[in-house]
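Me: Can you walk me through this one? Keep it short, please.
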Amino acid sequence: MIPIKELENRTIIKRSVIIGVCLGIISFFLMDNGATFVRGIAFSLIYSLLSFRLLELTLRKSVKMHPEAAKKYVFSQYSIRYLLTGVVVYISLTNPKINIVGTIIGLFILKIVIVYPVLFQKRKKLMKLIM
């Protein structure tokens, strides 16, 4: 299991921003429509980080609630975040100044930052077993 310290919210946010900025810089110089791609990454990454913060607030509040009320509250908050994700994708599809591929990549950056350390540790353990 990964220590809690490593997966603190600030660390996750910093890593996500670093990856987003690096992808933005690389794509800006290597792609013909680099500016629209960067706008897509920035737009969706900002949304992802805000959604991540909303998730944190939802979980903190729901822990203090009665289980049934918490279940309804968490589901309603999840539905709102899901709907907002759809709005972000829709805006990206309809706005020619925002690249949809950049938007989708930006939506996945935060998830990759969270999941990658777990996969990397499992790979290390697997390699130790094999060797």
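Reply: First, a term: helices (H or I, at least four residues) and strands (E, at least two) are DSSP runs, numbered from the N terminus. This is a predicted model, where local features need pLDDT of at least 70, side-chain atom pairs count only at pLDDT 80 or more, and totals for chains, interfaces and linings use all residues. Residues are numbered from 1 along each chain as its sequence is written, and side-chain values use heavy atoms, with hydrogens and water left out.

Me: What is the average pLDDT of the protein?
Reply: It is 88, and 91% of the residues score at least 70. pLDDT is the predictor's confidence in each residue, from 0 to 100.

Me: Switching to charges. How many salt bridges does a search of the whole structure find?
Reply: Two. A salt bridge is a side-chain nitrogen of Lys or Arg within 4 Å of a carboxyl oxygen of Asp or Glu. Arg53 pairs with Glu56 at 2.9 Å, N to O. Glu56 also pairs with Arg60, at 2.8 Å, N to O. That links Arg53, Glu56 and Arg60 in a network.

Me: Where do Arg53 and Glu56 lie?
Reply: Both are in helix H2, three residues apart, about one turn of the helix.

Me: And why are Glu56 and Arg60 about one helical turn apart?
Reply: Because they sit four residues apart in helix H2.

Me: Is Glu56 buried or exposed?
Reply: Glu56 is buried, because its relative accessibility is 16%. The cut-offs: buried is under 20% relative accessible area, exposed over 50%, partly exposed in between (1.4 Å probe, protein chains only). Arg53 is partly exposed at 42%. Arg60 counts as exposed at 53%.

Me: What about Arg81, which helix is that in?
Reply: Helix H3, residues 67-94. Arg81 is buried yet has no salt bridge. The nearest side chain of opposite charge is Glu56, 11 Å away. For charge, Lys and Arg count as positive and Asp and Glu as negative; His and the chain ends are not counted.

Me: So what does Arg81 touch?
Reply: Tyr47, Ser51, Leu54, Leu55 and Thr58, not counting residues up to four places away in sequence. Contact means heavy atoms within 4.5 Å.

Me: Last one. Why does Val63 count as exposed?
Reply: Because its relative accessibility is 68%. Val63 lies in helix H2, residues 34-63. Val63 and Leu45 are 18 residues apart in sequence and 27 Å apart in space, C-alpha to C-alpha.
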